[in-house]
Amino acid sequence: MTDTTTGDPPAGAVPGHPGTDRVHAGARWAFVGLLSRDIAVLWRNKGEFLGRTVIQPLLFVFVFTYVFPKIGQTIPGAAGTSFATVLVPGLVAVAAVFSGITAVGLPLSVEFGATREIEDRAMAPCPVSVVALEKVAYGALHGLASALVVFPLVLVVPVTPVTVHVANWALLVVVLVLACGIAGALGLTLGTVVKPEKIGLMFAIVVLPLTFLGCVYYPWQQLAAVRWLQVLVLLNPVVYVCEGMRNALTPFVPHMATWASLGAMVLFFALLLGIGMARFYARIVT
Amino acid sequence: MSAAIEIEGLVKVYPGPPAVRAVDGVDLQVHEGETFGLLGPNGAGKTTTVGVCTTRVRATEGVARVAGIDVAAEPTRAKAHMGVVTQFNTLDRSLTVRQNLYYHCRYFGMSRRRSHQRAEELLERFRLEDRAIGMTIALSGGMAQRLQVARAVAHRPRVLFLDEPTAGLDPQSRIALWEVVEELKAEGVTVLLTTHYMEEADNLCDRVAVVDHGKVLVLGPPAELKRSLGAETVITLHLADASGLVPRLEALPGVVRVEPATEGLRVLASSAGGLVPQVVEAALPHGLADVAVTEPTLETVFISLTGRELRD
């Protein structure tokens, strides 16, 4: 749809679409507008984006797969592979999922609680759910960008050999899409639930446990040695993202069955999306 | 006459405990092109009424239509016809001044080219060109509010909602904003304004609804509301002790009514000619500290109706 006239559209109208078409056109345009706004802000802050995406995984692989082997403190990997290989899917998964929190959750929490900026975006001519879905889409794109930035890093930095083999590209695409969807939906949920003054606390009590107990640094099957923990971590969505990624990138490392990781990812995505959308609506419309 | 905003039997109860009946049966019709004021103290239900009209608050009972569209049934269509300035600064702090306008146009379906043009037009018109590439956080209160109004009218809405638009602004910025509203009015934009500044309602509005406790107490053009008091002069007396004075004042020729005021009494009179010396003479034995003679204002109307001042 283009702006075909030289003048302005009639008051409130989306150009070219009279009547009820306007609603759908409006929703689509609002979505595109909101997304382009978010991408413009990301582009302006690209240095910041790189810094915050790269530092944590870079330090991790640098210390554990570069420094440790050099000083003789090697951590063994699983099933005859190096620890560096075990880390690849985990760190890529974590980069994707947690960028949803930084890209959507943190700003949204502030926009709802402190600055009330969200109140203006809620007046865009589209259903409130479209404003929420746009945030999920942006979180997903941001997650994908983070995964792509982190992936070469975890391949190149380690001194120990890293082996990655994608046997099934379709699986990788599905896992990536679901991981990014979870990133956006998790960001939406946390952004609508957590008050801005509790963000620090959220990192301590949500993000850190999700990471350390998310099968990022070890395959889930190895946890059989600590059976209660192996069962408990099944509540953590990050586990399935890491296991799915492990399945797609390093299929020779023990990993959860495809149906289990994909199925759980779909469930967690639907759950987080449902909670996030409901909370978003409840905070906009009283 | 066509109505730009129609509110029928509007009730909003915020569930408690304790449940709050913020709007308690409001009926209003705002005509096309009219500047309409909701005047009342904080907590009178003004913002909730605007919230319902702007799709942000779900009515417990009743209907609100903007540009003929039921806002509860078709919020998306209704939103396309309205611009909203809330009482908080909701500017996008991650964007520049120009981008705030540009992206707003994009949300409303304008093309990139048209959005750029419109942003430039608005920057010029609202005298914000110098600040175009600056971030909104650096704007003064008055400029931020001008930008909010510019953004709210960027998509040329038929109805503009201004919720306490000048709260917290310095007098100069307030007058500058009034000029902006006058200009929009001249262009035919319907404006619904909430305020607890009676001068604002008096200066800007074609009609005013005085509201309190979620109800419309009286509605009409400001001049008419003031006339309804039946008084042309208000004499406010600051007294140490008003006891026994009321009947004496009421007996004076030309006195319409005598009401208690914060620090004494308020005498409403049909005309001031020769009356003030008599009132002063009568009040002197009661510890008269000060006397003020004014014309009736909308505040006087509010006080007469509620016995309270607007900014209690």
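This is a predicted model: local features need pLDDT of at least 70, side-chain atom pairs count only at pLDDT 80 or more; totals for chains, interfaces and linings use all residues.
On the outward side of helix α4 of chain B, B:Arg112, B:Arg113 and B:Glu124 are exposed. Helices here are DSSP runs of H or I of at least four residues, strands are runs of E of at least two, and both are numbered from the N terminus.

Residues are numbered from 1 along each chain as its sequence is written, while chains are lettered from A and ligands numbered from 1 in the order in which they are written.

Let me stay with α4(B). Which of its residues are buried? They are B:Arg114, B:Ser115, B:Arg118, B:Ala119 and B:Leu122. The length of α4(B) agrees with expectation, because 14 residues at 1.5 Å a residue should span 20 Å and the end C-alpha atoms are 20 Å apart. The expected span is 1.5 Å times one less than the number of residues. After the helix comes B:Arg127, with a positive phi near 55°.

B:Gly109 follows α3(B) and has a positive phi, near 85°.

How many residues of chain B are in contact with chain A? There are 30, and they meet 33 residues of chain A. Contact means that the C-beta atoms of two residues, placed from the backbone, lie within 7 Å. On the side of chain B that touches chain A, the elements giving two or more residues are α2 (75-79), α3 (97-107) and α4 (112-125). That side divides into 10 nonpolar, 9 polar and 11 charged residues. Here Ala, Val, Leu, Ile, Met, Phe, Trp, Tyr, Cys and Pro count as nonpolar, Asp, Glu, Lys and Arg as charged, and the others, Gly among them, as polar.

I turn now to chain B as a whole. Its secondary structure comes to 11 helices and 14 strands, and its C-alpha trace spans about 75 × 45 × 40 Å along the principal axes. Of its 312 residues, 49% are buried. An automatic or database domain assignment gives domain 1 (3-91 + 139-224) and domain 2 (230-295). The centres of these two domains, taken over C-alpha atoms, are 36 Å apart. Among contacts in chain B between residues at least 6 apart in sequence, 68% join residues at least 24 apart.

Next, the nonpolar cores. A nonpolar core is a set of buried Ala, Val, Leu, Ile, Met, Phe, Trp, Tyr and Cys residues joined through C-beta atoms within 7 Å. The largest has 147 residues, and those with the most contacts inside it are A:Ala93, A:Val97, A:Ala179 and A:Ile182. Helix α3 (residues 83-113) of chain A gives the most to this core, with 18 residues. Apart from it lies another core, of 17 residues, including B:Leu237, B:Leu239, B:Val258 and B:Leu268.

B:Ala67 lies in the loop between β4 and β5 (69-70). Is B:Ala67 buried or exposed? It is buried, because 22 other C-beta atoms lie within 10 Å. B:Ala67 touches B:Ala4, B:His81, B:Arg158 and B:Val159, leaving aside residues up to four places away in sequence. Its phi is positive, near 55°. Most residues other than glycine have a negative phi. B:Glu164 likewise has a positive phi, of about 45°, and lies in the loop between β7 (159-163) and α6 (171-186). B:Glu61, by contrast, sits in strand β4 (residues 61-66) and counts as exposed, with 12 C-beta neighbours inside 10 Å.

Terms used: A residue is buried if 20 or more other C-beta atoms lie within 10 Å of its own, exposed if 12 or fewer, and partly exposed in between; C-beta atoms are placed from the backbone.
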